[in-house]
Structures are given as structure tokens and as C-alpha cells.
Amino acid sequence: MQVQRSIKLVFGLVLSLSLISVPLASAAGESEKSPGLFERIGNTAKKVGNKIEKGFTKAGKKLEQKKVGEKIERKLNKAANKTAQGFKKAGDKIDKKLNN
């Protein structure tokens with residue numbers, strides 16, 4: 001969810017910057033052979049997309065190296081075992097009170 005929000009923010013900033021740069025470029029007397037607005041937006045969006053993809057790849061590799069999935073599995077197993085022990089103790093206490 002937050003990734004989508006970040007992508008939207010980046011794309012919005014890129015779009016805003018490209019729209020602002022159009023009047024500045026035309027005021028500077030740029031030649032007609034330079035790329036048009038939509039072409040520049042497309043190129044910028046591709047660059048941003050590539051950087052985002054590299055970031056996700058890098059983050060994925062870090063998660064694999066740190067074995068996050070295995071750590072989460074161990075923690076969940078530990079929590080499940082503690083919960084089971086708690087229920088067993090509660091059940092034993094209830095049985096003890098009912099049998100007295």
C-alpha cells in the first residue's frame with residue numbers, strides 16, 4: 001500500500017517537474033530537434049521505473065540474505081507453542097477446580 005503511494009508521489013513529482021521545465025526550455029531557445037514533452041515524460045518515467053525495480057531487487061536480495069522468512073517462521077512457531085502451553089495450563093486449572 002505504501003509502495004503504491006510512493007510510486008504515485010514519484011510519478012507526480014516527475015510529471016510536475018517536466019511540466020515546469022517546458023516553459024523554461026522554450027524560453028531558453030532550445031532547438032526543435034530536442035525531445036518533446038511526452039517523450040521526456042516517458043523517458044523520465046522509464047528511468048524512475050528502472051530505479052524502483054533496482055530498489056525492489058536490492059531489498060529482495062537483502063531479505064533473502066538475512067533469511068527473514070525463516071526468522072518469521074521461527075517466531076510464529078514459538079508464539080504458537082507458547083499459546084498452546086497457555087491453553088494447556090488454563091485447561092489444567094479448570095480441570096483442577098472442577099474436580100475439587
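Lys88 counts as exposed, at 57% relative accessibility; here buried means under 20% relative accessible area, exposed over 50% and partly exposed in between (1.4 Å probe, protein chains only). The model is predicted: local features need pLDDT of at least 70 and side-chain atom pairs pLDDT 80 or more, whereas totals for chains, interfaces and linings use all residues. Residues are numbered from 1 along each chain as its sequence is written, and side-chain values use heavy atoms, with hydrogens and water left out.

The side chain of Lys88 meets that of Asp92 in a salt bridge, 3.8 Å from N to O. The term denotes a side-chain nitrogen of Lys or Arg within 4 Å of a carboxyl oxygen of Asp or Glu. Asp92 is partly exposed, its relative accessible area being 42%. Both residues belong to helix H3 (residues 68-99), where they lie four residues apart, about one turn of the helix. An α-helix has 3.6 residues a turn, so residues three or four places apart point the same way. A search of the whole structure finds one salt bridge.

Just after helix H2, Lys67 adopts a positive phi of about 55°. Helix H2 itself comprises 29 residues (37-65), which at 1.5 Å a residue should span 42 Å; the end C-alpha atoms are 42 Å apart, in agreement. The expected span is 1.5 Å times one less than the number of residues.

Overall, the protein chain has three helices and zero strands, helices being DSSP runs of H or I with at least four residues and strands runs of E with at least two, numbered from the N terminus. Of its 100 residues, 4% count as buried.
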